[in-house]
Amino acid sequence: MMQDRMTFALPTPKQMEKIDQEAAKTIAASQLMENAGWCVTREILRHYSPCRTIILCGPGNNGGDGYVVARLLAKEGWPVTVMAFGSPKAGSQADSAAMQWMEKTISPSENDVAQAELVIDAIFGAGLKRDLDPSIVAILKKAKRLVAIDIPSGVDGATGAIYGYAPHAELTVTFFRAKPGHYLFPGKVHIGKLVIKDIGIPLRVLDCVPISTWLNEPGLWHLPVSAVDDYKYRRGVVSIIGGAKVTGAARLSALSALNSGAGLVCIFPTRQDTTIYSLSSPCLMIDHHDLETVLHDQRRQVWVCGPGLTENEVKENLPQLLASKRHVVADAGAFLPGQSHLLKGVSIMTPHIGEFTRVFGTVESNRIQKVQQVAKDMECVVVLKGPDTIIAGPDGRVAINQHASSRLATAGSGDVLSGVIATFLAAGMKPWEAACAGVWVHGQAALLCKHDWPSAEMIAGHMGKARDLAKISEK
Ligand SMILES: NC(=O)C1=CN([C@@H]2O[C@H](COP(=O)(O)OP(=O)(O)OC[C@H]3O[C@@H](n4cnc5c(N)ncnc54)[C@H](O)[C@@H]3O)[C@@H](O)[C@H]2O)[C@@H](O)CC1
Ligand SMILES: Nc1ncnc2c1ncn2[C@@H]1O[C@H](COP(=O)(O)OP(=O)(O)O)[C@@H](O)[C@H]1O
Ligand SMILES: [K+]
């Protein structure tokens, strides 16, 4: 059975609020809170042995969940204390959860938190809107081991930004779907192990919000299938501009394209002496004509331009590719300081944060919004690379990739990425889907390497197997 793409939806906290309201039309809000508290309790029982536990309960529904957990853990015989940060609004869901906590509550105290063996953070969840009070920060800093309900207090669920301070949780239990902030830096490092629990919210309520952000997983996109009557031009042709001085980058990109299933890979060298490219792989075709002549070949639709190129090489070739309406994957050398106009017309660009900033200016705390805006303005797909790669389309769609590894932090792995993305584009995938699939397969190839310190060449070597696994995982 195909995965329902709604499995990968990442609603923002604002959308989650709407989802909660819609859900409350068919299932009582009190029941949802009870279920949320029960799920958190089960996870605590699974991960920890009974110990002195303090539950920090805020005034909103996050605090409400905390009161439910307190009641259920105490029922299991745990020594539980509730520390209340303000009172829930009279008549609210959290208020009735608090009223069911029959024991006394204590007021905020750093000392009491320092004495606790386990701290449950139910101060703020998705509703946090401003910096935490210094007194709350001082208390959170005293926690030795912490479990967060929904999200650690202080992490913005929409962006992963930190409101002044956030504790480092060992475990975070969230409900229904993860939110973008669970996966985006810097928030991500505060989350610890993330557990997503079904609390009975009906799936169909997802239709009430326009989801635009997704977790990048197979099923969000579908790789082309091989056919018995395949031929190389249907599999797709990838062409790469090969620099005169830095030649490794284009070769890595080419190797990646060959291994990830391109039907034909050609290098267009910018210099006369083509020996280095001719000797690099027997599978590689090398152009010996000028670019204008090469571009007469209509089968050469997809080009990688940037890896290993100097400013002049980019300026001599990129405009010609775009004028011939070729699909260009722009990377590395194509990101010239302040020269975004050069990139107008590319299909996909793959900058890391340094390259992105160089061309499009500084990025504030809301990276998703900035990348979305650039994708819209430039009318292309933007892949902002990093440990939480963001892939934004001009239509506003965003995928956040988690399927990767720090093994990718090696010179040349970006070149490898451009090759696999170009391959999928050449095989007929749409740009956003090709970019998402390329990023996932690239991450998978790194995960397949036999040791923790692979070179970019080794990562490129695992591209075929990684693609097979992506295909299997789509089902
Ligand atoms: N169906 C539902 O509604 C469910 C909601 N659940 C919980 O509800 C939470 C969201 O609830 P809320 O929207 O009440 O949000 P919170 O519990 O995060 O609380 C927000 C409240 O705190 C105030 N506040 C925000 N930032 C503050 C700051 N820095 N200093 C002081 N006060 C601040 C807000 O004005 C608001 O009153 C989720 O995180 C989740 O834990 C769960 O109970 C599951 C079901
Ligand atoms: N710590 C990390 N975790 C996951 N992926 C990473 C990490 N560091 C780098 N990467 C990935 O490795 C690639 C590096 O690309 P890039 O910075 O362009 O390198 P180069 O220019 O040397 O080829 C990107 O795809 C990036 O997302
Ligand atoms: K919390």
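User: Start at helix H19. What covers the buried residues of H19?
Analyst: This is a predicted model. The cover over the buried residues of H19 includes helix H10 (248-259), helix H16 (413-426), helix H17 (431-448) and helix H18 (456-461).

User: Which residues of H19 are buried?
Analyst: Met463, Ala466, Arg467 and Ala470. They take up an arc of only 100° around the axis, so they sit on the same side of H19.

User: How does the spacing in sequence fit with that?
Analyst: An α-helix has 3.6 residues a turn, so positions three or four places apart point the same way.

User: What span should H19 have, and how far apart are its end C-alpha atoms?
Analyst: H19 has 12 residues, 463-474, and at 1.5 Å a residue it should span 16 Å. The end C-alpha atoms are 17 Å apart, which agrees.

User: On to H14. Which residues are buried there?
Analyst: Glu355, Phe356, Val359 and Phe360 are buried in helix H14, residues 353-360. Down the axis of H14, they fall within an arc of 100°, so they line one face of the helix.

User: What does the face of H14 turned away from the buried side carry?
Analyst: The exposed residues Ile353 and Gly354.

User: And what covers the buried residues of H14?
Analyst: The cover includes helix H15 (367-378) and strand E15 (381-384).

User: What follows H14?
Analyst: Gly361 does, with a positive phi near 90°.

User: Zooming out. How is the protein chain divided?
Analyst: Into domain 1 (8-211) and domain 2 (232-474). Their centres, taken over C-alpha atoms, are separated by 41 Å. Eight residues from domain 1 and eight residues from domain 2 make the contact.

User: How do the residues on the side of domain 1 that touches domain 2 divide?
Analyst: Six are nonpolar, one is polar and one is charged.

User: Ligands now. Which residues come nearest to ligand 1?
Analyst: Gly60, Asn61, Asn62, Gly125 and Gly127, out of 27 residues around ligand 1.

User: Which helix gives the most to that shell around ligand 1?
Analyst: H3, with five residues. Helix H1 (13-23), helix H2 (29-47) and helix H3 (61-75) each supply at least two residues of the shell. By class, the shell around ligand 1 has 13 nonpolar, eight polar and six charged residues.

User: Which ones come nearest to ligand 2?
Analyst: Lys385, Pro387, Leu408, Ala409 and Gly414 come nearest, of the 17 residues around ligand 2. The shell around ligand 2 divides into seven nonpolar, eight polar and two charged residues.

User: Quick one on Lys179. Where is its place?
Analyst: Lys179 is in the loop between strand E6 (171-175) and helix H7 (180-183).

User: Does Lys179 count as buried or exposed?
Analyst: Buried, because Lys179 has 29 C-beta neighbours inside 10 Å, and the cut-off for buried is 20 or more. Leaving out residues up to four places away in sequence, Lys179 touches a set that includes Leu10, Pro11, Met16, Ile151 and Thr174. The C-alpha atoms of Lys179 and Leu215 are separated by 9.5 Å, with the two residues 36 apart along the chain.

User: Last stop, Thr310. Where is Thr310 found?
Analyst: In the loop between strand E12 (302-305) and helix H13 (311-323). With 14 C-beta neighbours inside 10 Å, Thr310 counts as partly exposed.

User: What does Thr310 touch?
Analyst: Gly243, Lys245 and Gly333, not counting residues up to four places away in sequence.

Note on methods: Residues are numbered from 1 along each chain as its sequence is written. Chains are lettered from A and ligands numbered from 1 in the order in which they are written. This is a predicted model: local features need pLDDT of at least 70, side-chain atom pairs count only at pLDDT 80 or more; totals for chains, interfaces and linings use all residues. Helices (H or I, at least four residues) and strands (E, at least two) are DSSP runs, numbered from the N terminus. The expected span of a helix is 1.5 Å times one less than its number of residues. A residue is buried if 20 or more other C-beta atoms lie within 10 Å of its own, exposed if 12 or fewer, and partly exposed in between; C-beta atoms are placed from the backbone. The arc is that of the directions from the helix axis to the C-beta atoms. Two residues are in contact if their C-beta atoms, placed from the backbone, lie within 7 Å. Domain bounds come from an automatic or database domain assignment. Ala, Val, Leu, Ile, Met, Phe, Trp, Tyr, Cys and Pro count as nonpolar, Asp, Glu, Lys and Arg as charged, and the others, Gly among them, as polar. A residue is near a molecule or strand if its C-beta atom, placed from the backbone, lies within 6 Å of it.
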